[in-house]
Amino acid sequence: GPPGRLARGARPPTSMLGLTDAAVLDALKSVRDPDVDRDIVSLGFVKDVRIADASVALTLQLTTPACPFKERLRDETVAVLRRLGASHVDVTLTAVVRPGGGGGEIGRAPIPGVKNVIAVGAGKGGVGKTTTAVNLAVSLSQFGARVGLLDADLYGPNVPIMLGIKTQLQTDGKRILPAEKFGLQIVSIGFLASDDSPIIWRGPLLHGAIRQFFHEVAWDDLDYLVVDMPPGTGDIALTLSQRVPLTGAIIVTTPQDIALIDAKKGLTMFEKVGVPILGIVENMAVHVCTNCGHVEHIFGAEGGKRMAAEYKVDYLGALPLTMKIREQADSGRPTVVAEPEGEVAALYRQVARTVAVKIAAKAKDFSSKFPTITVSKGT
């Protein structure tokens, strides 16, 4: 045929469709991550773009598997490239969690095998701190992250009970080997004692155990290490906050005034040693009668929400006072495992998602390599 005219039935060249490497990247700059309000190209999310005929395949490598907008980003990517002329678009979603900070300070050596350390603390005991830590850790694992759980509540190690684990600490001769359950890597001082045996070590022994549990454990490529902190602002909690490279801390409280007073002390302790506050979880916020449905704020209403506003930190959510949470914890099957489709499990997952997104936003290393693009001719 005449020059420049395609033979009947022939597919136009990729370049005529606008599917060049530069055009694809330029088009994808219109797709933005709402969490940080930046486009997916500058964030380094776009990987392994492959163009063949009128088809485009690529990978979106997000910064957390808990990203709430991953389907939206995928759908927008497909729509943009179809408008550019692609007849078929294949988007693979993956996630590589980046360190969110917390390491490098004097006395805070990075922990081998761990990218981010999340402290779950409380000003006093009995407010549901361990229950929150356990459900947070399992939720992050259910999203697809690699998660560890360290029971650093050395005088009251309840994590083994809440996860239904009875074991002894094992070593490979050099390092402590974590136990595994529900997708978690778990270490607890409770593995050294029976349920009814008190931990009666003095300070130096406890501080040595803290160092070992962080730096002499064979943590295997963890995205998040959730740490169930000792309650209060005592010596052990302070040592942990000063010596461990914490990415951030979650404060657990109830709405009760006396719990809030202590929770504020815990929050202030973290702030004074330079640990960012990821937010506040309000436990036992409301009770709904299982017989009549009557709603009652047994410990007061919205005290945690007021505290979050006062200290200008995020309010991560409110958990109800229900018998089920207690029964599930006592039975060794945390709520997000025992009743994964339930309303309370959804609340825990939302807390976990919010925390993961905040850590991803904190990650400073957005200098990923420029996307690699391979253009192949169709046959």
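Q: How do the residues lining the largest pocket divide by class?
A: The lining of the largest pocket divides into 12 nonpolar, 7 polar and 5 charged residues, where Ala, Val, Leu, Ile, Met, Phe, Trp, Tyr, Cys and Pro count as nonpolar, Asp, Glu, Lys and Arg as charged, and the others, Gly among them, as polar. This is a predicted model, in which local features need pLDDT of at least 70 and side-chain atom pairs count only at pLDDT 80 or more, while totals for chains, interfaces and linings use all residues. Residues are numbered from 1 along each chain as its sequence is written, and side-chain values use heavy atoms, with hydrogens and water left out.

Q: What volume does the largest pocket have, and which residues are closest to its centre?
A: The volume of the largest pocket is about 520 Å³, and of its 24 lining residues Val 288, Pro 320, Leu 321, Thr 322 and Val 344 are the closest to the centre. On a 1 Å grid over the protein atoms alone, a pocket is an open set of points with protein on both sides within 12 Å along at least five of seven lines, a cavity is a set of points where a 1.4 Å probe fits but cannot get out, and lining residues have an atom within 4 Å of a point. Grid points are joined across faces, edges and corners, and a volume is the space filled by probe spheres set on the points.

Q: Which elements give two or more residues to that pocket's lining?
A: Those elements are strands E15 (287–288) and E17 (315–318), together with helices H9 (323–330) and H11 (343–362); helices (H or I, at least four residues) and strands (E, at least two) are DSSP runs, numbered from the N terminus.

Q: OK, and the second largest pocket, how much space lies in that, and what is closest to its centre?
A: The second largest pocket holds about 390 Å³ of space, and of the 22 residues that line it, Val 127, Gly 128, Lys 129, Thr 131 and Met 284 are the closest to its centre. Helix H3 (129–142) and H9 are the elements that give two or more residues to this lining, with H9 giving the most, at 4 residues. By class, the lining has 9 nonpolar, 8 polar and 5 charged residues.

Q: Switching topic: how many cavities of 30 Å³ or more turn up, and what lines the largest?
A: A search of the whole structure finds 2 such cavities. The largest cavity, of about 100 Å³, is lined by 13 residues, with Asp 33, Asp 35, Phe 45, Thr 63 and Ala 360 nearest its centre. H11 gives the most to this lining, with 3 residues, and by class the lining has 9 nonpolar, 2 polar and 2 charged residues.

Q: And what about the lining of the second largest cavity, how does it divide?
A: The lining of the second largest cavity, which holds about 40 Å³ of space, has 6 nonpolar and 3 polar residues and no charged ones. Helix H7 (residues 257–272) gives the most, with 3 residues.

Q: Last one: which residues in the largest nonpolar core touch the most other members?
A: Of the 45 residues in that core, Ile 118, Leu 140, Leu 149, Tyr 224, Val 226 and Ile 250 touch the most other members, and H11 gives the most residues to the core, with 8. A nonpolar core is a set of buried Ala, Val, Leu, Ile, Met, Phe, Trp, Tyr and Cys residues joined through side-chain atoms within 4.5 Å.

Technical notes
Buried means under 20% relative accessible area, exposed over 50%, partly exposed in between (1.4 Å probe, protein chains only).
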